[in-house]
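Biologist: I would like to go through this structure slowly, asking at each step what the words rest on. Could you show it to me before we start?

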Amino acid sequence: MNPELRYAGGLLLPQGHDSLAHGVPRALSGSVHALALGGGYSVGPSEGRIVYFGRNRPEVHICIGEDDRQVSRRHGELRHWQGRWWLRNTGRRPIRLPRSQWLFADEEAIPLAEGYTPLHVPGSREREHLLEVFVTGADGNKPGSKHTEQTDMPRRYAMSDEEKMVLVVLGQRYLLHDPGARPLTWQQAADQLAELRPEVAWTAKKVEHRVKTVRERLSADGVPGLTREEVGEPVGNALNDNLLRELLRSTTLVPKDLVLLD
């Protein structure tokens, strides 16, 4: 790293450092720690401070994808602003965040939550380069062990029996663990629903309307990636794919729901 990039109190994390998923040592509240395969960097908060990451080791704080030209020389930055750390993409390829959220170069920076956030930068030959980020909380400690505490239940989303039936039909390939799962088309879903519930006049438009209602409800509840503005054009299957993955992640839909198709 170019010495001009170093901040007072900043600490280089060596190659082979333990994963930040295990937490970090006690540090100043609001400190950011970032780690890639070849090492990382840790520094305290200061308004306007920027931590760079990318392929060009001399000109970044954290080198990621050093041997992969699909990764930009300065692919992104962590900037401290208004008391928070913000992620901005300055590279050619998008950055993938948790819950399949993508951040592109022409989009606004997004704030990072306290604790652990894994980021993935797509590379060549289907490689993905991991950048671990950990923002220290208000008490400066890593999360404490909770060996004996009750397990938190997943947050399941409320929906009607009809909405659940429609979404199980639409997303049956996900529930069957198909590695290349895609939603059924509106017409395919309508045809199958007509066989399962012939008393309802199912059409492709009716299926689309039911699914759109659920998407809009979850989007209003804070679930990302469920609007055209968020995913950009062309939309394709992205909205329904994001919806179905969130419903599975939250266990709102589970494989045993396939019994509804019998």
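Biologist: What makes β5 and β10 the edge strands of the open sheet?

Modeller: The sheet is open and has five strands in the order β5-β4-β6-β7-β10, with mixed pairing; strands here are DSSP runs of E with at least two residues, helices are runs of H or I with at least four, and both are numbered from the N terminus. Two strands pair if DSSP finds at least two bridges between them, and β5 (62–63) and β10 (110–111) each pair on one side only, which makes them the edges. This is a predicted model, in which local features need pLDDT of at least 70 and side-chain atom pairs count only at pLDDT 80 or more, whereas totals for chains, interfaces and linings use all residues. Residues are numbered from 1 along each chain as its sequence is written, and side-chain values use heavy atoms, with hydrogens and water left out.

Biologist: How do you know that β4 and β6 are joined, and in which direction do they run?

Modeller: Four bridges join β4 (residues 50–54) to β6 (residues 76–81), and the two strands run antiparallel. One of the residues involved is Phe 53, whose bridge partner in β6 is Gly 76.

Biologist: What does the UniProt record say about residues 51–92?

Modeller: The UniProt entry, which is unreviewed, annotates residues 51–92 as "domain: FHA"; such positions are given in the numbering used here, feature names are shortened, and annotations may be inferred rather than shown by experiment. In the model, that stretch is 0% helix and 43% strand, with its end C-alpha atoms 18 Å apart.

Biologist: Which residues of α3 and α4 meet?

Modeller: Taking contact as heavy atoms within 4.5 Å, Trp 186, Gln 187, Ala 189, Ala 190 and Leu 193 in α3 meet Ala 204, Val 207, Glu 208, Val 211 and Arg 215 in α4.

Biologist: Which residues of α3 are buried, and what covers them?

Modeller: Buried means under 20% relative accessible area, exposed over 50%, and partly exposed in between (1.4 Å probe, protein chains only). Ala 189, Ala 190, Gln 192 and Leu 193 are buried in α3, and their cover includes α1 (161–170), α2 (172–175) and α4.

Biologist: What makes Arg 125 exposed?

Modeller: Its relative accessible area is 70%, so Arg 125 is exposed. Arg 125 lies in the loop between β11 (115–122) and β12, and its phi is near 50°, a positive value in a residue other than glycine.
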